[in-house]
Amino acid sequence: MRLLSPRGAVAVLAAAALVVATPVASASAASRPAPVGLVSFVSASLTSSGATLTVDWADVSGARKYEVFAATTYEGVADKRTPSLTVTSSKATLTRLTPGRDYFVQVRAVNSVGFGGRSARVGHGTILTEAKLTSDSPRYRAISWNICSNACSSISTRARVINTRVKELKADILGFQEASRYTKAPVGFRHVVNGQNDILVRTGQFSLVAKKTSAPTSGTARFASKYATSGKGLAYAALKHRSGSYVLVFDVHLVTGTSRAQVNQREYEASRLNTYISATMNRLAKTHGSLTDWTKAHVLILGDFNTHKSRTGEDTMAILEKRGWYDTFDQAHALTRQHHNTANPEWSTKPTIGVTWGAHVDKALVRPSRSVVYRWANAGEMVNGRYVTPLGSDHHPLLVDVGLR
């Protein structure tokens with residue numbers, strides 16, 4: 001063994017002292033957690049003690065717990081300093097909420113060092129009310145889809161994509177808008193209305209009520225142009241379900257655009273929609289009253305309404321709600337892809353995100369007291385976070401599963 005010189009020994013001792021005195025930096029040293037990402041509403045219910053809403057978000061590394069803030073206004077939730085509840089998982093259920101009320105939520109992660117940043121504010125309505133259905137009450141699985149058959153190219157090619165997705169989603173009722181060049185029904189379906197607004201039904205599940213002389217059971221109409229050029233109007237069909245229940249389906253396409261005149265026209269068309277529905281039911285009561293009480297028939301409204309909850313200065317949905325028609329988005333027990341917009345004008349495979357609500361122009365409407373909405377979903381096919389190509393349209397299909405009485 002070679003002995004160290006005195007100078008060498010001193011150097012080693014100094015180096016050893018430096019190692020002991022200098023703390024080693026750790027990649028896992030404690031720090032505040034990162035901000036919570038986009039929060040989504042995933043389920044809702046109505047109980048004897050009030051409404052509930054369940055929110056979900058991605059796990060935050062290093063978080064020990066999460067604080068959930070809720071308020072009935074967009075501004076109010078940002079002002080809250082005391083959390084509505086604290087949870088240890090990345091999911092939380094708010095309870096004892098007021099039925100039929102909008103709620104806004106923010107979430108932040110917490111650990112021993114401090115708080116992470118709050119998430120963006122997101123909103124959703126609680127279920128207003130719903131029907132009490134029996135186990136044998138019929139359920140309707142429906143798709144509303146603007147398929148852009150005339151304004152967009154290659155409908156003959158895209159029709160195969162559309163038909164494949166319809167088969168995969170196992171819907172019973174289809175409401176297609178901008179469908180004038182879509183003339184061949186998917187296998188297992190038939191057109192009961194074929195035109196600008198199509199209504200198709202699954203063979204064996206539904207039949208069109210037989211018309212009588214001068215007493216149609218399906219048809220189309222267009223709203224008057226009062227403030228601007230009108231939208232694409234609507235179609236309707238009176239159907240008999242295999243259970244024996246009768247259902248009226250309306251497929252609507254309100255005028256598009258954001259100019260003041262177009263907004264006024266859209267609000268006008270919304271106000272006339274209920275009038276048209278009532279007139280149709282009354283006419284059927286006179287001509288086909290021996291079949292059922294048409295004034296109490298099941299009613300489902302599908303369509304492209306060209307408006308959404310993130311828009312301000314427009315009362316289209318408020319007008320419809322005043323007449324008893326509510327968006328299934330707010331009435332659903334389960335929601336899938338709340339923030340993914342159903343419209344996709346850029347034909348992008350990357351989801352277009354509406355942060356606060358989700359900008360859904362495609363809708364299905366029901367009467368809350370006469371329905372249970374089991375599921376609402378943006379049903380565009382996705383793999384690894386992207387929409388699968390080729391795309392069927394510049395909209396994604398909206399899928400709803402509802403029970404009606």
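In what follows, a residue is called buried when its relative accessible area is under 20%, exposed when that area is over 50%, and partly exposed in between, as found with a 1.4 Å probe on protein chains only. The structure is a predicted model, in which local features need pLDDT of at least 70 and side-chain atom pairs count only at pLDDT 80 or more, while totals for chains, interfaces and linings use all residues. Residues are numbered from 1 along each chain as its sequence is written, and side-chain values use heavy atoms, with hydrogens and water left out.

The account starts with the nonpolar interior. A nonpolar core is a set of buried Ala, Val, Leu, Ile, Met, Phe, Trp, Tyr and Cys residues joined through side-chain atoms within 4.5 Å. The largest such core has 26 residues, and Ile 173, Leu 239 and Leu 300 have the most contacts inside it. Strand 23 (residues 398-404) gives the largest share of this core, four residues; strands (E, at least two residues) and helices (H or I, at least four) are DSSP runs numbered from the N terminus. Apart from this core lies another, of 25 residues, including Tyr 236, Ala 270, Met 317 and Trp 325. Leu 300 touches, among others, Ala 142, Ile 173, Phe 250, Val 402 and Leu 404, not counting residues up to four places away in sequence; contact here means heavy atoms within 4.5 Å.

Charged side chains come next. Side chains of opposite charge can pair when their charged atoms come close. A salt bridge is a side-chain nitrogen of Lys or Arg within 4 Å of a carboxyl oxygen of Asp or Glu, and the structure holds 10 of them.

Lys 363 belongs to strand 19 (residues 362-366) and Asp 327 to strand 17 (residues 326-327), so the pair ties together parts that are 36 residues apart in sequence. Lys 363 is buried, at 3% relative accessible area, and Asp 327 is buried as well, at 6%.

Another salt bridge joins Asp 330 to Lys 309, with the closest N and O atoms 3.4 Å apart. Asp 330 sits in helix 6 (residues 328-331), whereas Lys 309 sits in the loop between strand 16 (298-304) and helix 5 (316-322), 21 residues apart. Asp 330 is buried at 8% relative accessibility, while Lys 309 is partly exposed at 30%.
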